[in-house]
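Hi everyone, thanks for coming.

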Amino acid sequence: MHVLCSGIRYGNGERTFYDHFQKAWIQSPCELPIIGNGENLVPTIHIIDLARLVRRVVIENPKVYPYIFAIDKTRKPTQKRIITEISKGLGTGKIASVQASSVTDEQGWREKLSINLRMKASDAFKAI
């Protein structure tokens with residue numbers, strides 16, 4: 001038996017960053033929102049990397065890794081850094097700080113981008 005804890009998933013239409021990509025693409029508003037100062041740590045993982053790890057665990061059944069933390073290798077994955085890169089890549093490069101209360105639950109990203117969690121990838125994930 002294995003316990004797999006992944007970072008926030010992205011890469012194949014996952015909802016967490018959808019609003020930011022859409023707003024950057026249409027540049028409305030021209031500044032992408034971040035909650036607070038954005039210095040909180042948001043561990044992430046591409047969905048394909050996560051799928052590869054799950055496949056490996058199912059096939060190999062490694063007994064030495066009962067608890068697996070699956071995150072990508074982003075150095076200092078702060079909310080501000082992630083959203084700034086989305087804005088630079090698709091939009092104006094600008095960000096703006098907003099209060100958490102101004103982000104609705106329907107948008108689907110307030111809770112996930114508000115976490116502050118320092119995680120280290122497990123050795124099982126590093127070997128992929």
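Let's start with Gln-27, which sits in the loop between α1 and β3; helices (H or I, at least four residues) and strands (E, at least two) here are DSSP runs, numbered from the N terminus. Before I go on: this is a predicted model, where local features need pLDDT of at least 70, side-chain atom pairs count only at pLDDT 80 or more, and totals for chains, interfaces and linings use all residues. Residues are numbered from 1 along each chain as its sequence is written, and side-chain values use heavy atoms, with hydrogens and water left out.

So, back to Gln-27. Its phi is near 55°, a positive value in a residue other than glycine. Gln-27 is partly exposed, at 44% relative accessibility; buried means under 20% relative accessible area, exposed over 50%, and partly exposed in between, with a 1.4 Å probe and protein chains only.

That loop, between α1 (18-26) and β3 (31-35), also holds Pro-29. What is the peptide bond from Ser-28 to Pro-29? It's cis, with omega near -5°.

Now for the other loop. Lys-76 lies between β5 and α3, and its phi is near 45°, again positive in a residue other than glycine. Lys-76 is exposed, with a relative accessible area of 54%. Arg-75 is in the loop between β5 (67-70) and α3 (79-90), and Arg-75 is exposed too, with a relative accessible area of 70%.

That's it from me, happy to take questions.
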